[in-house]
Amino acid sequence: MMQFPPMDYSAATGFGGNTLDRMSERREDAPFIASMRESAAARVILIADDLLVMGTGAVVLHSRAVGEALGALWHEATFLGVDKVGPVFAAAVPAPAEGAPYTLENLRALAIQDVVPLDVLGAVAQARSLVGWHARHGFCANCGAPTHPGPAGMRRDCEACGATHFPRTDPVVIMLAVDGDRCLLGRQRRFVERSYSCLAGFMEPGETIEAAVRREIWEEAGVVTRRVAYHASQPWPFPSSLMIGCFAEAVSLDIEPRDAELEDVRWFDRADIGPMLDRTHPQFIAPPAVAIAHHLLRAYARYGAPAMPADAEIPA
Ligand SMILES: [Zn+2]
């Protein structure tokens, strides 16, 4: 059994607490995967139309019998890994009929409600991402022929052209630009009233994390930043993002957005951040603990601007 690392900032984010042993080294071992599939201890996370199927009493891990009764194709269920009880799979099902003792849960709402433990929520994110990937990759991107899942469901194969397709993870940078006891936050039009959060944006092909952080802050605020320090990451399964949380050292302070993505962007005093997170600030609020932005801001409120990496000495 793989040894798990100690708690880190990432593990405390919503969807970040996945403790399944993925047993990735056994995925190509078809007899092993078959034995997992036949295990009496096997359970399954069921996803219907991108929503989680939850049983009475907030049950998320269903028996194989329940999964198959709801329409899961057991031989195609994706092997997520093993917990203390046994193997855990993910499968797509049609939405259960009205009146059935199951509810369909939106994962974002579920994460905020705190009804599912963080480690299970992490496995749910893994399930949601993979089930969504299978649903959208039934045909080969190379030749257009139908594809079929590999033994563990962690790849899809095209028999027509021999291409193998793997699930992808799409990186997003989310960052807090800091200048000593000031930090830069913005609000999007869709945010709840009075709410401010860290700036964020998709990484682009051929870009480093540091370059993406600096580019997004420049675009959204017109602020120049220099050194960048990684803090934590968060899986965000809508459908397959990984939020990469960083601090960035501001070297210019004037705000002059280059795009119109944000409704407002401004500097905040560090002393205001704790009350914004705790929802006791008279004017503003900051994101809840499900969001990685919360953890960046919490660390900054507690400890101040983080140590930045030394400038690289690039060998000639
Ligand atoms: Zn193909």
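**Core, domains and strand pairing in a predicted model**

Setting aside neighbours within four places in sequence, I45 is in contact with V60, L61, V88, A90, A123, V124 and A127. Contact here has a plain geometric sense: the C-beta atoms of the two residues, placed from the backbone, lie within 7 Å. The model is a predicted one, with local features needing pLDDT of at least 70 and side-chain atom pairs counting only at pLDDT 80 or more, while totals for chains, interfaces and linings use all residues. Residue numbers start from 1 along each chain as its sequence is written.

I45 also turns up in the largest nonpolar core, a set of 79 residues in which I45, A90, A91, V124, M175, L176 and A177 touch the most other members. A nonpolar core is a set of buried Ala, Val, Leu, Ile, Met, Phe, Trp, Tyr and Cys residues joined through C-beta atoms within 7 Å. Buried means that 20 or more other C-beta atoms lie within 10 Å of the residue's own; exposed means 12 or fewer, and partly exposed is in between, again with C-beta atoms placed from the backbone. The top contributor to this core is helix α4 (residues 118-136), with eight residues. Both domain 1 (10-165) and domain 2 (170-303) supply at least three residues to the core.

Zooming out, the protein has seven helices and 15 strands. These are DSSP runs, numbered from the N terminus, with helices being H or I of at least four residues and strands being E of at least two. The C-alpha atoms fill a box of roughly 60 × 55 × 40 Å along the principal axes. The radius of gyration is 22 Å, which agrees with the value near 20 Å that a compact globule of 316 residues would have. That radius is taken over C-alpha atoms, and the globule rule is 2.2 Å times the number of residues to the power 0.38. Buried residues come to 36% of the 316. Among contacts with a separation of 6 or more, 66% are between residues 24 or more positions apart.

The two domains, 10-165 and 170-303, have bounds that come from an automatic or database domain assignment. Their centres, taken over C-alpha atoms, are 32 Å apart. Where they touch, domain 1 puts in 14 residues and domain 2 puts in 13. On the domain 1 side, α3 (107-113) and α4 are the elements that give two or more residues. Helix α4 has the largest share of that side, with five residues. By class, the domain 1 side has seven nonpolar, six polar and one charged residues. In this count Ala, Val, Leu, Ile, Met, Phe, Trp, Tyr, Cys and Pro are nonpolar, Asp, Glu, Lys and Arg are charged, and the others, Gly among them, are polar.

Next come the strands, which count as paired if DSSP finds at least two bridges between them. Strand β10 (170-179) runs parallel to β14 (residues 241-250), and nine bridges join them. Within this pairing, V173 stands opposite I244. With β12 (residues 199-202), β10 pairs in the antiparallel sense over four bridges, and here V172 stands opposite F202. Strand β10 also runs antiparallel to β11, through three bridges. D179 has R182 in β11 as its bridge partner. The hairpin of β10 and β11 has two residues between the strands, and G180 takes a positive phi near 55° there.

D181 is found in the loop between β10 and β11 (182-187). This residue counts as partly exposed because it has 14 C-beta neighbours inside 10 Å. Leaving aside neighbours within four places in sequence, D181 is in contact with D269 and R270.

A separate open sheet has three strands in the order β7-β8-β9, with antiparallel pairing. Its edge strands, each pairing on one side only, are β7 (147-149) and β9 (164-165). Strand β8 (residues 156-158) pairs with β9 over two bridges, and R156 has H165 as its bridge partner.

Finally, D29 sits in the segment before α1 (30-38). D29 is partly exposed, with 14 other C-beta atoms within 10 Å.
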